[in-house]
Amino acid sequence: MKPISLTRYLIEEQHAGRINADLRLLIEVVARACKSISIAIGKGALGGVLGEAGTGNIQGEAQKKLDVLSNDILLEANAWGGHLAGLASEEMDHSQPIPDAFQRGNYLLLFDPLDGSSNIDVNISVGTIFSVLRCPDGVTSPGDEHFLQPGSTQVCAGYTTYGPSTMLVLTVGHGTHVFTLDREVGSFMLTGRGVQIPADTKEFAVNMSNQRFWEEPMQRYVGDLLKGKEGPRGKDFNMRWVASMVADVHRIITRGGIFSYPLDSKCRDKGGKLRLMYEANPMAFIVEQAGGAASTGRQRMLDVQPTGLHQRVPVFLGSRNEVAEAVRYHHESD
Ligand code: AHG
Ligand code: MN
Ligand code: MN
Ligand code: MN
């Protein structure tokens, strides 16, 4: 049977009362912006889009040209639709309310415009991550503080992965669904409805070069994974690390696994490496909706009360029984 388009899927969700017209438009607009980003990335060196932008962001990272371009594409696409009250991004110091010249809506959009920047210049998969929140009642011109809502209040989250094919993975709180971009037609097509992450796994994803900087529970947890069949876990584990969160999470959505970016002595002062609002929370929502789990190691990710737009957190997500194991090691040490 021919897969249905994202447009048809969204209309069906609207008819079923699971999304309203504004959220439908918002998702369509983000998806369209992601198609533009996909085209820019696909041109590679021919499009003059590779390399450094020569600027930095608030996190102290050097921005790539594609970080800036992807941010601009998402900003421009979303400014005038009338569905948003404000936007926030990894690449902007502060959130931006929708300008007075445009009609304002009731949603707040947060995004990581280009995830996996370090992989752009080596032609490895990168992505875009986004999260949608409701603008608090009575707020017409939202500031950063209005975005600081726990992940459990997200109304929608998604990511696109720009790999051998461009894919969009989406949840509006009724399962996680996978769409593949038909490049000839220019439409995302539903190729995986209600995907489920296997509860158990024999695959873990972590940057092992940080091992000596980890906390004691993480040392013990990974130490036991590496002992394999002869160790307490009783099975041999495989390891993968793309260093693009979207690509690592997409593998987990597809075949299971555990992804972690734990606290280490290099990022301890910042609270972790990955950002809560536009990396950890949207991925946690997507993973939970696919039957997986997401934790900081000590707390369910979606329950974390945010304190800053660019706040960082330790991340453990994926196959739910394996995430529970990692959490158990942390609780034992506390
Ligand atoms: P971004 O490119 O949006 O700044 O995010 C990069 C993140 C994430 O995608 C990935 O999992 C992690 O950084 C990789 O970190 P290491 O280079 O330390 O492995
Ligand atoms: Mn970055
Ligand atoms: Mn990122
Ligand atoms: Mn990024």
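## Packing of H1 and H2

In this predicted model, H1 and H2 are roughly antiparallel to each other (an angle over 145 degrees), because helix H1 (residues 6-15) and helix H2 (residues 21-43) pack at an angle of about 165°, with their axes 10 Å apart. Helices here are DSSP runs of H or I with at least four residues, numbered from the N terminus, and axes are lines fitted to C-alpha atoms over the stretch in contact, with angles running from 0 to 180 degrees between N-to-C directions.

Leu-6, Thr-7, Leu-10 and Gln-14 of H1 meet Ala-21, Arg-24, Ile-27, Glu-28 and Ala-31 of H2, contact requiring C-beta atoms, placed from the backbone, within 7 Å.

## Packing of H4 and H7

Helix H4 (residues 216-226) packs against helix H7 (residues 320-333) at an angle of about 140°, with their axes 9 Å apart. On the H4 side the contact is made by Glu-216, Pro-217, Arg-220 and Tyr-221, and on the H7 side by Ala-326, Tyr-329, His-330, Glu-332 and Ser-333.

## Surroundings of ligand 1

Residues around ligand 1, with a C-beta atom placed from the backbone within 6 Å of it, include Glu-61, Glu-90, Asp-112, Asp-115, Asn-207, Met-245 and Tyr-261.

## Annotated span and conventions

An unreviewed UniProt entry carries the annotation "domain: Fructose-1-6-bisphosphatase class I N-terminal" for residues 5-191, an annotation that may be inferred rather than shown by experiment. The end C-alpha atoms of residues 5-191 lie 9 Å apart.

Residues are numbered from 1 along each chain as its sequence is written, while chains are lettered from A and ligands numbered from 1 in the order in which they are written. For this predicted model, local features need pLDDT of at least 70 and side-chain atom pairs count only at pLDDT 80 or more, whereas totals for chains, interfaces and linings use all residues.

Notes:
Helix = DSSP H or I, 4+ residues; strand = E, 2+ residues; numbered from the N terminus. Contact = placed C-beta atoms within 7 Å. Parallel < 35°, antiparallel > 145°, perpendicular 65-115°, else oblique.
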